[in-house]
Amino acid sequence: MDLVKLYFRSPPAVIGLVLLILVLVMAASADFLYPRDPLALAGRPLIWPFSNPRFLLGTDNSGRDIAAQIFHGARISLLIGGVATAISIMIGITIGALAGYYGAYVDTALMRVTEAFQTLPNFLLLLVLVAVFGSTITTVTVAIGIVSWPASARLTRAEFLSLRNREFVQAGRTLGLRDIRLIFGEILPNALPPVIVYASVVMAIAILLESALAFLKLSDPNVASWGNLIGAGRDVLRVQWYVSAIPGIAILVTVLAVSLVGQGLNDALNPRLKSR
Amino acid sequence: MDMTRRAALKTSAAIASSVLFPMRSFAQETPRKGGVFTVHYGAEQRQLNPSLQASTGVYIIGGKIQEQLVDLDAKGQPVGVLAESWEASPDGKTITFKLRPGVTWHDGKPFTSADVQFTAMEMWKKILNYGTTLQLFLTAVDTPDPLTAVFRYERPMPLNLLLRALPDLGYVSPRHLYEGKGDIRQNPVNLAPVGTGPFKFVQYERGQHVIAERNANYWRANAPYLDRIVWRVVTDRAAAAAQMEAGQIHYSPFSGLTISDSARLGKDPRFIVSTKGNEGNARTNTIEFNFRRKELADIRVRRAIAHALDIPFFIENFLGDFAKRGTGPIPSVSTDFYPADNGPQYPFDKKLAAKLLDEAGFKPGAGGTRFSLRLLPAPWGEDVSLFATFIQQSLADVGIKVDIVRTDGGGFLKQVYDDHAFDLATGWHQYRNDPAVSTTVWYRSGQPKGAPWTNQWDWTDPTIDKIIDDAATEVDAAKRKALYGDFVRRANTELPIWTPIEQIFLTAISAKARNHSNTPRWGSSSWHDLWLAE
């Protein structure tokens with residue numbers, strides 16, 4: 001309860017939460033408000049927003065309803081953000097936990113692998129993965145998860161390094177608990193808060209990565225994602241700029257919401273900021 | 001501000017018709033030597049040698065470096081380049097070319113009939129995508145002396161056909177750099193071509209640029225005017241338009257810009273946007289069916305797909321005045337060969353489409369989907385990607401789920417024509433003055449695997465093969481035209497590919513350019529007389 005109170009004390013965190021709920025409502029109501037396939041031909045192409053009551057946000061250069069794509073795209077963006085983050089955090093936690101707990105050569109080996117991944121710009125690696133495995137929504141999501149785990153691995157490792165010799169861990173060891181139990185049952189729950197905060201950053205990055213891919217027309221063209229709409233709008237950017245601008249605003253709002261919520265969580269979970 | 005696409009299309013058409021040609025005081029101007037001409041290069045190909053791949057994407061570069069025996073003049077008539085004169089024997093089986101003396105390759109070796117012999121027998125006949133069909137009955141090229149090449153055919157070759165084909169399918173490669181150097185297709189010279197043309201190859205940085213410079217030893221006196229040509233690889237069409245406005249690109253050929261940007265640049269006095277100089281490159285949008293899919297091997301499914309597309313709607317709303325309903329593989333601009341009766345036309349009829357699919361046994365399953373198809377759109381031209389989306393949207397309405405697979409230029413050619421890893425593909429078919437040049441190869445069986453823009457659909461029809469072969473060897477013009485009528489009707493009946501839209505390419509060029517767009521295939525030509533005003 002304390003945590004909730006602390007969270008709501010910060011206005012940016014509240015704004016973030018409201019925006020995030022808004023995006024979630026959009027995703028949830030997409031089928032209800034726009035029951036047709038959002039990629040279907042809806043009308044004449046390139047109708048300006050607010051000029052035709054049937055298409056509140058206008059149509060894109062393929063004659064698809066932009067509003068329908070924004071609502072359905074919210075699902076795709078949240079799905080990609082959520083799943084990719086889960087994959088990334090899971091890989092990160094596993095590698096970080098093993099490295100931090102066992103130390104020595106396990107740590108050395110795993111950290112060298114992590115560094116190898118970190119030296120590659122993650123967007124370039126993503127391009128390679130998508131080029132090799134194709135650009136379906138599944139491969140894109142998994143690929144984003146795969147390129148964005150190193151930071152969470154380092155974070156988890158740092159937490160483990162500081163926790164592994166605490167009394168409660170020593171006690172567990174004396175009681176004869178097995179490593180697996182110690183890692184996942186005892187240390188991890190205590191190491192988790194900063195990782196959870198970091199997950200919000202990963203989620204924001206994942207959404208941006210998918211949009212960047214789609215902007216280069218390398219994402220899955222068969223789903224209504226915001227990035228795809230921006231990519232399609234690129235062809236008419238100079239005159240019908242709204243085709244790219246509208247999904248751009250949607251991405252901006254979502255990434256901002258996720259980041260603000262993450263920041264709010266961070267502040268609320270940080271004991272040293274309590275008295276501020 | 002609130003300019004709809006339709007308005008944009010109207011404006012662009014008005015521009016195209018009013019600014020047919022920049023009739024400025026050309027006569028008083030003295031050609032200026034020097035200058036760098038920059039060209040928008042939208043889709044990289046796998047190589048640059050036009051003796052091996054007939055496509056505008058290769059000619060736009062290779063056509064300045066290598067030359068062909070014959071090109072087209074301003075009136076569209078054959079004019080000698082590497083050949084000075086030609087004559088056919090009365091039986092049509094022997095055609096003799098007298099070659100131009102004193103021509104040297106860029107590496108200094110003399111150009112002779114041995115080069116023509118090697119290129120014709122090893123490249124045009126065996127590898128070149130349209131050449132394999134055109135030269136099917138070529139048995140030998142004799143070289144009685146270094147400046148005479150005698151083409152011998154098993155069946156008569158109409159001289160008129162050969163002369164209309166050679167501007168595209170008559171590029172000569174240097175024998176000494178290919179013979180005995182292993183697989184011709186893999187020869188590194190293909191990426192650093194050596195020719196006899198007005199410009200010498202300098203550098204190719206993949207994904208960046210290609211550079212060619214003035215050939216000081218060019219055989220035409222006082223040519224070329226330009227110091228250099230730089231082709232900048234810009235895959236993003238909107239970025240290419242921005243670079244034109246910034247003065248970094250002078251010329252964007254073959255509808256390389258978006259429709260809305262073309263309209264915008266057309267109103268800018270710094271540019272000329274026009275269809276001029278592209279008369280020899282009429283094109284049709286295609287849908288290619290892969291017969292390896294059992295669904296598509298069924299004629300009823302192919303017809304259903306054609307009936308499911310509202311082509312007039314697409315043209316009116318997406319393409320505008322530069323496009324019209326296509327009637328078959330031979331476009332209506334071909335006055336010599338356009339048949340009076342084109343056979344079945346497949347008007348938009350969703351109910352009939354659904355009925356045909358039902359009859360073929362593909363009933364809607366869960367969610368109303370009958371089956372799924374992978375569609376590969378060629379990455380050239382905004383119209384292709386718009387058409388791909390339109391196909392996806394239209395077929396969803398009759399229960400066929402279409403997954404669009406995006407690729408780059410090389411990837412598209414490889415997946416469709418080499419790996420056959422597609423169900424549907426859509427791109428352009430280019431008609432080049434005579435159906436036997438680049439049209440019938442889309443239908444004739446027996447094309448070498450991997451040859452782009454040829455029949456790779458796993459579709460064999462002895463009837464159409466016979467029509468194609470007979471027409472290609474028919475010396476009588478009226479009989480030839482009648483045979484091509486049969487060809488079009490058969491193609492539209494069997495529908496191995498569908499050609500529902502007909503267009504002419506649009507180019508955007510800087511108003512500083514002179515002597516441009518002055519031949520029917522200007523974008524592909526050698527630009528020996530092109531110059532840039534101050």
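Let me start with one pair of residues: B:Arg283 stands opposite B:Gln503 in β18(B). Before I go on, please keep in mind that this is a predicted model.

Six bridges connect β13(B) with β18(B), residues 497-504, and the two run antiparallel. β13(B) also pairs with β17(B), residues 424-431, again in the antiparallel sense, this time over eight bridges. In that pairing, B:Ile287 has B:Thr426 of β17(B) as its bridge partner.

B:Ala282, B:Thr284, B:Thr286 and B:Glu288 point one way from the strand. B:Arg283, B:Asn285, B:Ile287 and B:Phe289 point the other way, and the residues of both sets are buried.

Next, another part of chain B. Here four strands form an open sheet in the order β4-β5-β7-β6, with antiparallel pairing. Its edge strands are β4(B), residues 83-88, and β6(B), residues 138-145, each of which pairs on one side only. On average, neighbouring strands of the sheet are turned by 20° against each other, direction ignored. Helix α3(B), residues 113-124, packs on this sheet and touches β5, β6 and β7 of chain B. The direction of α3(B) makes about 175° with that of β6(B). Between β6(B) and β7(B), residues 148-153, there are five bridges. One position to look at is B:Leu138, which stands opposite B:Tyr153 in β7(B).

Now chain A. The C-alpha trace of chain A spans about 75 × 45 × 30 Å along its principal axes. Chain A has 276 residues, of which 47% count as buried. Among its contacts with a separation of 6 or more, 68% come from residues 24 or more positions apart.

Last, the contact between the two chains. It takes 21 residues from chain A and 24 from chain B. On the chain B side, the elements giving two or more residues are α6, α7, α10, α12 and β16. Of these, α12(B) gives the most, with seven residues. By class, this side of chain B has nine charged, eight nonpolar and seven polar residues.

Conventions. Residues are numbered from 1 along each chain as its sequence is written. Chains are lettered from A and ligands numbered from 1 in the order in which they are written. This is a predicted model: local features need pLDDT of at least 70, side-chain atom pairs count only at pLDDT 80 or more; totals for chains, interfaces and linings use all residues. Two residues are in contact if their C-beta atoms, placed from the backbone, lie within 7 Å. Ala, Val, Leu, Ile, Met, Phe, Trp, Tyr, Cys and Pro count as nonpolar, Asp, Glu, Lys and Arg as charged, and the others, Gly among them, as polar. A residue is buried if 20 or more other C-beta atoms lie within 10 Å of its own, exposed if 12 or fewer, and partly exposed in between; C-beta atoms are placed from the backbone. Two strands pair if DSSP finds at least two bridges between them. Axes are lines fitted to C-alpha atoms, for helices over the stretch in contact, and angles run from 0 to 180 degrees between N-to-C directions.
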